[in-house]
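Hi,

Here is the structure I promised to hand over. My notes on its rings and cores follow.

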Amino acid sequence: MSPPALECEVLVIGAGPAGSAVAAALAARGRDVLLVEARAHPRAKACAEYASPRIVEELRQLGLAEDAWKADALPLAGMRVIRGDDAVDIRYHDEHGQRNAWGLERTRFDATLAAHAVASGVRLMEHTSLVDVGWRGGVGGIGGRVERAAVRTPEGRRGVRCQWLIGADGARSRVSQAISVEGRVGVPRRLGLVAHYEGVPDLVEHGEMHVGPGWYVGLAPLAGGRLNVGMALPLNGDRRSAEERFAAAIEGIPAVAKRLRGRARLTPIIGASPIGHRVRRAAGRGWMLIGDAAGFIDPFTGEGIYRALRSARAAAAALDDLDDAASARYLAARRGAFAAKDALTWLVQGMLASPPLMGYALRRLASRPEAAERLGSALGDCRPASDALSPLFLAQVLRP
């Protein structure tokens, strides 16, 4: 006999920061939420583990006590961006003054958020993956509405009756694939590789982003004396192993090789390919995508965790009422929260694609501290991204 169908108001796929946050927020609003995770939770992920300052406000709005997550977090003054002999310190300021970024060990952070969701009344099922989406009316997503799903559990396949389905399952989202909104990643196409190393004694107060000829390597200090070493490498048909490419990328940037000389690697290398994710639409009748599942450009700007939490808040607010208009409310909130930041991120990607331009911009920013502060604050979500997109500001950075 088949296991009985599960029932909930909202089914959330993926228990990372986005999924746990939206589940907790909805449960706090009185919704019946089922949160499913395909594997044992938490687990190590290919993440830079560097979070922008505004996660503090997002976690506060979620009702998570600061001492619940800050004990495993390392405050960082900012990020030093380096290309050869050119460097600039990116710092974050808002109306209250300078703000810290955070080095977050993801397995602990993810476990804390999931525990908060469960404490808020969420049902969490691990080793449970999405296998199908059911529609009412229309064919597939054309004119139809999601009203059910099927998941695979250790006991077998089970149906789930739900009013809303939320995909929070990352850049290789099964939800976006099942709903047929997955887009092609054109540019940039990069391979992400991450590992933990022993910490570097004089690299504990800020992170470093080293830009090489066609790739970059980030060094993010973590609590407990560890260092996250994450890199984005071109997907160019290179047939070398991840170990070989990882080592070559480090040796290819002398400043990184010097930093890591004599430091032991503590974890296996974890990879993700391609890093980015594109979708044609982030919501429709009965479904939403949040976090990386809703689209992700590149990790260079360090906004992934904040974006996960912010999109979760937008989705939960849109679902104050479970009517079909919730998708339009969510899409409008996403545009307001992310449209300008996406444009700024693409501008940074253009500079990464042209190393001479990146070097020129770094030199200009180093000689103009006010411009560097404005850009850093926009990248760190401490001021509107549009402030770093004005013609006057761009002239400050790029005009000879």
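**Aromatic pairs and cores**

There are two aromatic pairs, counting rings of Phe, Tyr and Trp (its six-membered ring) with centres within 6.5 Å; planes under 30 degrees apart are stacked, over 60 edge-to-face, the rest tilted. This is a predicted model: local features need pLDDT of at least 70, side-chain atom pairs pLDDT 80 or more, while totals for chains, interfaces and linings use all residues. Numbering starts from 1 along each chain as its sequence is written, and side-chain values use heavy atoms, without hydrogens and water.

Tryptophan 69 and tryptophan 102 have ring centres 5.2 Å apart and planes at 75°, so they are edge-to-face. Both are buried (under 20% relative accessible area, 1.4 Å probe, protein chains only).

Tyrosine 197 and phenylalanine 246 have ring centres 6.4 Å apart and planes at 10°, so that pair is stacked. Tyrosine 197 and phenylalanine 246 are buried too.

Tryptophan 69 also touches Ile55, Val56 and Leu59, among others (contact: heavy atoms within 4.5 Å).

The largest nonpolar core has 71 residues. A core here is a set of buried Ala, Val, Leu, Ile, Met, Phe, Trp, Tyr and Cys residues joined through side-chain atoms within 4.5 Å. Leu11, Ile55, Trp69 and Met288 have the most contacts inside it. A second, separate core of 35 residues includes Ala101 and Met209.

Two charges sit over rings: arginine 145 over tryptophan 164, 5.2 Å from the ring centre, and arginine 307 over phenylalanine 338, at 4.2 Å. The rule: NZ of Lys or CZ of Arg within 6 Å of the ring centre and within 35 degrees of the ring normal.

Best wishes

Methods
Buried means under 20% relative accessible area, exposed over 50%, partly exposed in between (1.4 Å probe, protein chains only). Lists of a residue's contacts leave out its neighbours within four places in sequence.
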